[in-house]
Amino acid sequence: MVDVEPKATILIVDDESSLRGLCEEVLSDAGYATHTVGDGPSALQLLNKTKDIDLVVSDLRMPGMSGLDLLKKIKEGSWDVDFLIMTGFSSIETAVESMRLGAADYLPKPFNISHLLLKVEKILQARRNRKDRKKLSNLVRILNLSQAMNTKLDMKSLVNEFLSQVQKNFAPDGIALFLEEKSSLLPKVTRGGLLRTNPRLNSWVKRLGERIFRQQLPELIMCKGEGIACSNSEGPPPEPLVSSVIVAPIAIRRKSVGSVVLLRGNDKPAYTREQLQLLNVFAVHTASAFENARLYAQMRDMNLEVIRSFAQAVEAKDVYTRGHSERVALYATHLGGRLGLSQEDMNRLYAAGILHDIGKIGIPESILNKPAKLTNEEFAVMQRHPELGRAILYQTTTFGDILPIIYHHHEHVDGTGYPMGLRGEEIPFLARMLSVVDAFEAMTSDRAYRKALLVEAVREILASGAGRQWQEDLVVLWLEEIDKPEFASLHRYNGASAIFGASLSDGQHG
Ligand SMILES: [Fe+2]
């Protein structure tokens, strides 16, 4: 005999053993797996134990719990099963009532075998179609979550996105999200009236969240209905309004980073196993998005470390520029903030500020630290630093998008700068910005060949070079910014003495 997978699993509920036996025989012969019980409470017990039942075929008239009562209990619970009710001719109204309560169909008694099989097959076909549609819609939900999460890289937006997806897809009356921070599990977000007003429920939810975080298995807790016993170790929730709870670990590669608990009140249908599975998949995707965000932040910090150590390498050689790069980076992003630049541009500007003079690593110290004006030959060597900087960073993949800023930070808008002699808008915009704050920082700091200039003098130099060396509106904006009180904290003047009337070329060696 060939072992064939049963077509579906059917539970037959009837107090009359002869009819029970007949149904069992007919349905087994037709290829279905069957269970039989003699009353409603046993049916509920079996449903609790056996998770794969697709259809309940139940008699209407039974002592104790009637077929209708059984149907009501099933619809209150979390079982996703279809229901076919067998009724006598006299109870046609009850048959209609059973349809209203959610039965898939009814079968008037007495019936013949083919009639029973026809009804069963029709219900199961509709069930398969419904499941296929549901699977598709769940896939769409997961895809939507995944897409929404993938566009975000910081934890705060990820958490908000996750919560809004959960709200949309699970309609909970309470959400509690727990995340691990410094090796303890903390409640990150708690939402919903039930949780806000009920401290006992809150601590019950926390204990549950902690256990699922440790055990790493999702769980459905049914709190209402006959034949339903809360088998979770926390016991039933200390709040009669809660009807069902689903909870899933947020874990990746067997490492838990948190857990999420969703509560439903009595006025909504209880959560089902299918919803639990969907929440579990959501949680897995979320864990991987959280992990990406963590790795991204780590990489960003590492990059910052790398660029800082690059800058320190330059400053070790050129003693007078100590702190120059960091201040140029701060000034540049301050000006960027005034202009409302995007976060990406701000990041570029900061990195370029730190690294703009990296090419000075390749300039002899005798030139860098010369305590007098450079000769023409020496100045020509010094002018190679943008090109050297670009060559150094060209070898890294991370800094590709700041190379043009580094390379062109000594261009003048009138075309008299170096290395290319570009004019106006031919010069990358961020390089034009950097040029203004770089000059300002250089002139307000002590250098090997001169002391720091007073701000008033620097202001005059910048104003007179606006439209020639620097883009005019950028100079105007920058001069406005340095007058603001908040600028004082950004700017630490180097050196008290000042040389008035220094020329532009004195102001900036390189
Ligand atoms: Fe420079």
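## A parallel sheet and the helices on it

An open sheet of 5 strands runs in the order S2-S1-S3-S4-S5, with parallel pairing. At its edges are strand S2 (33-37) and strand S5 (105-109), each pairing on one side only. On average, neighbouring strands of this sheet are turned by 20 degrees against each other, direction ignored. Strands are DSSP runs of E with at least two residues, helices are runs of H or I with at least four, and both are numbered from the N terminus. Two strands pair if DSSP finds at least two bridges between them.

This is a predicted model: local features need pLDDT of at least 70, side-chain atom pairs count only at pLDDT 80 or more, and totals for chains, interfaces and linings use all residues. Residues are numbered from 1 along each chain as its sequence is written.

Strand S3 (residues 55-59) and strand S4 (residues 82-88) pair in the parallel sense over 5 bridges. The bridge partner of Val56 in S4 is Phe83.

| Helix | Strands touched | Angle |
|---|---|---|
| H1 (residues 17-29) | S1 (9-13), S2 and S3 | about 170 degrees with S2 |

Angles run from 0 to 180 degrees between N-to-C directions, with axes fitted to C-alpha atoms, for helices over the stretch in contact.

The protein chain has 20 helices and 10 strands. Along its principal axes, the C-alpha trace spans about 115 × 50 × 35 Å. Buried residues (20 or more other C-beta atoms within 10 Å of their own, C-beta atoms being placed from the backbone) make up 38% of the 510 residues.

Notes: A residue is buried if 20 or more other C-beta atoms lie within 10 Å of its own, exposed if 12 or fewer, and partly exposed in between; C-beta atoms are placed from the backbone. Two residues are in contact if their C-beta atoms, placed from the backbone, lie within 7 Å.
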